[in-house]
Amino acid sequence: MTDHLDASDARTVERVVVVGVDGGLHARPAARLVEQARAHDCELRVRPIAGDEPVPADSMLAVTSLGVGAGERIRLLADGPEAYAVVQAVAATLTGGDPE
Amino acid sequence: MTDGTTTPGSGLVSPEAVALDEPVTGRRDCVERLVELADATGRVDDREVALRAVFDREAEGPTGVGEGVALPHARTDAVAAPTLAFVHVREAVDFGGPDDADLLFLLLVPESDDVHLSVLSRLARALLDGGVRERLRTAETPAVAARVLREVVA
């Protein structure tokens, strides 16, 4: 958790989250992530900690290609006016804190 | 595992589980067609159970993932081994994704199997490549399409 990132006006935000939702980054949480990425004014990318290139979070095909399972860590990379907001929202979804 | 017939990709995809230029329309009918093709491999013990598992998963969230691709899938003990079916439909179908899908894949994996996410992610990674999608759209025979799939998910 890197919650020291409270500069809510930052244009570039990075945060590592542990995927806590059942079944990993899959089905409903993945769809919600894509939806949140599209709803915010910024570019959000996701990268598995193990390496690989980051992929755009607004593409379900790209998110599915990550194959992130429950308990794995991923890095969120946001760039744009709503970078902080999107990272907060997506982190809540992926850790299981988002009731939707 | 030097024998080509025992690599994961070759067991997973066989030409019997591929149909091209299908006139089928509508999400429900497409899923039924995919399950029928998976069944043609002889690896589905109970087609009804498999179908129900896929529909249950469909109800959880869209499997249309963009770029004309849909990836319906389920973990179910109605299959003895991981099985992939592929249909290229003549007219793209709404699978709840950002666009309608004409490249439809069905992945069925036994409950106890943990390859589910990894096969799905390998397939998705391959399909991010427009060249792979094009090869599947223009494949002239199920054998050709099955070969492309074996190449990318093996």
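The entries below take the contact between the chains, then the cavity, then a pocket.

**Entry on the contact.** I kept in mind throughout that this is a predicted model. I looked up the size of the contact and found that 15 residues of chain A and 19 residues of chain B take part, with an area of about 1300 Å² buried between the two chains, 69% of it given by carbon and sulfur atoms.

I then turned to specific interactions, where the count of salt bridges between chain A and chain B came out as zero, while two residue pairs are in polar contact across the chains, both at pLDDT 80 or more.

For the secondary structure behind the contact, I recorded that helix 1 (27-39) and helix 2 (60-66) of chain A each supply at least two residues of the side that touches chain B, and that helix 2 gives the largest share of that side, six residues. By class, this side of chain A divides into seven nonpolar, six polar and two charged residues.

**Entry on the cavity.** How many cavities of 30 Å³ or more does a search of the whole structure find? I found one, and for the largest cavity I wrote down about 100 Å³ of space. Its lining has 14 residues, of which A:His26, A:Thr64, B:Arg57, B:His73 and B:Leu120 are the closest to the centre.

Helix 1 and helix 2 of chain A, together with helix 4 (116-127) of chain B, each supply at least two residues of the cavity lining. I classed that lining as nine nonpolar, four polar and one charged.

**Entry on the second largest pocket.** I looked up its volume, which is about 210 Å³, and then its lining, which draws on chain A, including A:Arg28, A:Arg32, A:Glu35 and A:Arg38, and on chain B, including B:Pro62, B:Gly64, B:Gly96, B:Gly97 and B:Pro98. Helix 1 of chain A gives the most to this lining, with six residues. By class, I recorded five nonpolar, three polar and four charged residues for the pocket.

Terms used
Residues numbered from 1 in each chain as written. Chains lettered and ligands numbered in written order. Predicted model: local features only at pLDDT ≥ 70, side-chain atom pairs only at ≥ 80, totals over all residues. Heavy atoms only, no water. Contact = heavy atoms within 4.5 Å. Buried area = accessible area lost by both parts, 1.4 Å probe. Salt bridge = Lys/Arg side-chain N within 4 Å of Asp/Glu carboxyl O. Polar contact = N/O pair within 3.5 Å; in protein donor to acceptor, adjacent residues only side chain to side chain. Helix = DSSP H or I, 4+ residues; strand = E, 2+ residues; numbered from the N terminus. Nonpolar A, V, L, I, M, F, W, Y, C, P; charged D, E, K, R; others polar. 1 Å grid on protein atoms, 1.4 Å probe; cavity = no way out; pocket = protein on both sides within 12 Å on 5 of 7 lines; lining within 4 Å. Points joined across faces, edges and corners; volume = space filled by probe spheres on them.
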